[in-house]
Amino acid sequence: MAAHPPAVARLIEALQRLPGIGPKTAQRLAFHLLKQSTATVHDLADSLVDMKARVVHCSRCFNVTDREPCGICDDPARDAGLLCVVEEPNDLVAMERTGEYRGRYHVLLGALSPLDGIGPDEIKVRELLARLETNHVREVILATNPNVEGDATALYLAKLLRPLGLHVTRIARGLPVGGDLEYADEVTLSRALEGRRDM
């Protein structure tokens, strides 16, 4: 006899596909949802479906947005001469939390990882280069994660961008090696941004 009814087992299996959710956490979440009202569960399901239907990647910077272009790209108060390159939309959110950066962004939607088959064509490098051809950017800040993939991506981009005559900088090492920008506090990110260096 199965430990859980098929519908519960299916939910537990689906929840385990989320990052950081193992079997025990998935089971705990499933049983928590079983205790909730039908309206609460429908609200959660509706918000998931609504998010998938409405949220897209900005055609300019590739951040997640529900309008085109996104609010950051469309903000005339932003310094168009500064472009901060990050790996994922969560990293952009982390940088915004600092309140220190007032330029624009480019989200790569990944990092170079040859072992995983992720090369320059699998992330938004071509789009970055096209963007730099048509915009008046004076400095590109490479804010990739301080891990092997992030460092490799930053080095690759620096080699591509230097010949274009741009000032290319890398955020300082105020962040723990192997960590993700998403989990860093605002003070650490502010110091890393202030202490960026040439590449």
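Cysteine 84 stands opposite isoleucine 141 in E5, where E5 (residues 139-142) pairs in the parallel sense with strand E3 (residues 79-86) over four bridges. Strands pair if DSSP finds at least two bridges between them, and both helices (H or I, at least four residues) and strands (E, at least two) are DSSP runs numbered from the N terminus. This is a predicted model, in which local features need pLDDT of at least 70 and side-chain atom pairs count only at pLDDT 80 or more, while totals for chains, interfaces and linings use all residues. Residues are numbered from 1 along each chain as its sequence is written, and side-chain values use heavy atoms, with hydrogens and water left out.

**The sheet and its helices**

- Five strands make up an open sheet of mixed pairing, in the order E4-E3-E5-E6-E7.
- Strand E4 (103-107) and strand E7 (197-198) stand at the edges with a single partner strand each, so one side of each is left without a neighbour in the sheet.
- Helix H4 (residues 89-98) lies across E3 and E4 and runs at about 160° to E4, where axes are lines fitted to C-alpha atoms, for helices over the stretch in contact, and angles run from 0 to 180 degrees between N-to-C directions.
- Helix H6 (residues 148-161) packs on the sheet and touches E3, E5 and strand E6 (167-170), its direction making about 170° with that of E6; contact means heavy atoms within 4.5 Å.

**Salt bridges**

- The structure holds nine salt bridges, each a side-chain nitrogen of Lys or Arg within 4 Å of a carboxyl oxygen of Asp or Glu.
- One of them joins the side chains of arginine 170 and aspartate 151 at 2.7 Å, N to O, and this pair links distant parts of the chain, with arginine 170 in strand E6 and aspartate 151 in helix H6, 19 residues apart.
- Arginine 170 counts as buried because its relative accessibility is 5%, whereas aspartate 151, at 23%, counts as partly exposed; buried means under 20% relative accessible area, exposed over 50%, and partly exposed in between (1.4 Å probe, protein chains only).
- Another salt bridge brings together arginine 126 and aspartate 121 at 3.1 Å, N to O; arginine 126 is exposed at 54% relative accessibility, and aspartate 121 is exposed with a relative accessible area of 58%.

**A residue in helix H7**

- Serine 190 is found in helix H7 (residues 186-194), and counts as buried because its relative accessibility is 10%.
- Not counting residues up to four places away in sequence, serine 190 touches Thr98 and Glu100.
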